[in-house]
Amino acid sequence: MSKQAQAEPPSQALTLLGVMASLLDAMDRPLLVADRVGTVLFANVHAQDRLTAGGFPPSDQLNLFRDLLKADARSILGQLERGEQEVVLPVVTSDGETHVKIRWLPEPDWLVTYIDASAADRSTELTASGIDMAQTVHELMQEREITYRNLLAAYLRLQEVNRQKTVFLASAAHELKTPLAVMKGYYDLLLSCSLGKLSEKQREILEESKESCDRLVRVVSMFLNYSALESGKLVLQLRENDLRDCINDVVLRWQDSFQKSRVRLKTHISKDLPRLNFDYPKLQQCIANLVDNALKHTPTDGCVTVRAEPHFWERRIAEVVPRAERRRERESRVNSVLVTVSDTGVGIAAEFHQEIFEEFVRVDPSSAGMGLGLAITKRLIQAHRGKIWVDSLPGSGSSFSFLLPTNLE
């Protein structure tokens, strides 16, 4: 730059400086604008306050390099001209150490300097920030408390609605149980021909009506069991029973339904099946629910198979034993029975394997039923300290299996 340019900025630069002055005053940062020799051309309001607080001379008497930076101008300008985007230098003031950041504007050859906050200012800012954060945290805690109370109130209302639903189901089931038992008794009486001979058509109508009555009895029984499970009033009558008799009773009861649907019902019960303690009617209901479910989803000429066999359930062993001993124990000792009801139906997709054991869930909305059979079965099996699961793939049928321990202790 020439001496004339250094002494007096050109008119275009003055006009630009005037525009910048009005803009820089509106900023909340302390900024200085100086020329190449360090003469301060402009300082915004925040910069003037900072210079005064730091004990520096007024901006019109201040030289950037000599008074503020106390550094060699050639060194700083050399860094900027070599491509440094910004030069940061420490500055000691009366209220503590701070930093300045210098940038070069090639046109019109100015140095823009930003003065960082001092330690005292940063402490004040941090204190204000801490107060703001504390207030924000307090407000969030209040909002969380309100949300928690609202959620608790909603949960209690839902619990009351659920309790009323359970009471209603139990009351309705009890009211239906007696008249259905009377109707079922009359159907049996008529079909036995005790009141006179029946024509073929009359017998067909009565048998169909009796089947519908039996279906209603099962639904009512299901509601009663569900309400007992929901209210926690279920009590198992555990006695030593023969699982073979339990399965055979269920199969015998369902033979007619399978013949009408033209679906084969097979059983494979091991001769070595041990006797165990279980609630005979409750376990019968579990097996009946699985058989009923298999029949609903098996097409004509399909097959449903009920299997029961001794089983070694490793999770029933309390102590940890080596794998070799577990292998020998598997062969020599039985601690549970495995019951499986498999079908040749449409199968169940993997994403529904857990969901189908929930209340009122039906994978196929067009199928009959309330969606309670598998849910009740799962709870009853768990009450016997057993477990139930399903193995199925779409188009490959389904196998529902449950394990019952031989020793419930």
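Visitor: How do helix H7 and helix H11 pack, at what angle and how far apart are their axes?
Guide: This is a predicted model, to start with. In it, H7 (residues 200-231) and H11 (residues 373-383) pack at an angle of about 50°, and their axes are 10 Å apart. That angle makes H7 oblique to H11.

Visitor: Why give both an angle and a distance?
Guide: Two packed helices are described by the angle between their axes and the distance between the axes.

Visitor: OK, and is the crossing of H7 and H11 left-handed or right-handed?
Guide: The crossing of H7 and H11 is left-handed.

Visitor: Which residues meet there, in H7 and in H11?
Guide: From H7 you have Met-222, Asn-225, Tyr-226, Leu-229 and Glu-230. They meet Gly-373, Ile-376, Arg-379 and Leu-380 of H11. Sorted by class, the residues of this contact of H7 with H11 are 5 nonpolar, 2 polar and 2 charged.

Visitor: What about H7 and helix H9, how do their axes cross?
Guide: H9 covers residues 280-296, and the axes of H7 and H9 come within 12 Å, crossing at roughly 120°. H7 and H9 are therefore oblique to each other. H7 passes H9 in a left-handed crossing.

Visitor: Which residues make that contact of H7 and H9?
Guide: On the H7 side they are Ser-221, Met-222 and Asn-225. H9 brings Lys-282, Gln-285 and Asn-289. By class, the contact of H7 with H9 has 1 nonpolar, 4 polar and 1 charged residues.

Visitor: Switching to rings. How many aromatic pairs are there in the whole structure?
Guide: A search of the whole structure finds 2 aromatic pairs. In one of them, the ring centres of Phe-278 and Tyr-280 are 6.1 Å apart and the planes are at 20°, so that pair is stacked.

Visitor: Are those two buried or exposed, starting with Phe-278?
Guide: Phe-278 counts as buried, at 0% relative accessibility. Tyr-280 is partly exposed, with a relative accessible area of 21%.

Visitor: And how do Phe-357 and Phe-400 pair up?
Guide: Phe-357 and Phe-400 form an edge-to-face pair, 6.1 Å centre to centre with 75° between the planes. The pair links distant parts of the chain, with the two residues 43 apart. Phe-357 is in the loop between strand E10 (336-343) and H11, while Phe-400 is in strand E12 (residues 398-405).

Visitor: Where do Phe-357 and Phe-400 fall, buried or exposed?
Guide: Phe-357 is buried, with 6% relative accessible area. Phe-400 counts as buried too, at 3%.

Visitor: Let's talk backbone. Which phi does Arg-262 have?
Guide: Arg-262 has a positive phi of about 55°, although it is not a glycine. For background, most residues other than glycine have a negative phi.

Visitor: Where is Arg-262 in the chain, and is it buried or exposed?
Guide: Arg-262 is in the loop between helix H8 (243-261) and strand E7 (264-269). Arg-262 is exposed, with a relative accessible area of 54%.

Visitor: What about the phi of Asp-301?
Guide: Asp-301 is not a glycine either, and its phi is positive, near 70°. You'll find Asp-301 in the loop between H9 and strand E9 (303-311). At 54% relative accessibility, Asp-301 counts as exposed.

Visitor: How far apart are the C-alpha atoms of Asp-256 and Glu-211?
Guide: Their C-alpha atoms are separated by 9.8 Å, with the residues 45 apart along the chain. Asp-256 lies in helix H8, and counts as exposed at 52% relative accessibility.

Visitor: Zooming out, how many helices and strands does the protein chain have?
Guide: The protein chain has 11 helices and 12 strands. Of its 409 residues, 37% count as buried.

Visitor: And what share of contacts joins residues at least 24 apart?
Guide: Among contacts between residues at least 6 apart in sequence, 64% join residues at least 24 apart.

Terms used. Residues are numbered from 1 along each chain as its sequence is written. This is a predicted model: local features need pLDDT of at least 70, side-chain atom pairs count only at pLDDT 80 or more; totals for chains, interfaces and linings use all residues. Side-chain values use heavy atoms; hydrogens and water are left out. Axes are lines fitted to C-alpha atoms, for helices over the stretch in contact, and angles run from 0 to 180 degrees between N-to-C directions. Helices (H or I, at least four residues) and strands (E, at least two) are DSSP runs, numbered from the N terminus. Angles under 35 degrees count as roughly parallel, over 145 as roughly antiparallel, 65 to 115 as roughly perpendicular and the rest as oblique. A crossing is left-handed if the near helix is turned anticlockwise from the far one by less than a right angle, and right-handed if clockwise. Contact means heavy atoms within 4.5 Å. Ala, Val, Leu, Ile, Met, Phe, Trp, Tyr, Cys and Pro count as nonpolar, Asp, Glu, Lys and Arg as charged, and the others, Gly among them, as polar. Rings of Phe, Tyr and Trp (its six-membered ring) pair if their centres lie within 6.5 Å; planes under 30 degrees apart count as stacked, over 60 as edge-to-face and the rest as tilted. Buried means under 20% relative accessible area, exposed over 50%, partly exposed in between (1.4 Å probe, protein chains only).
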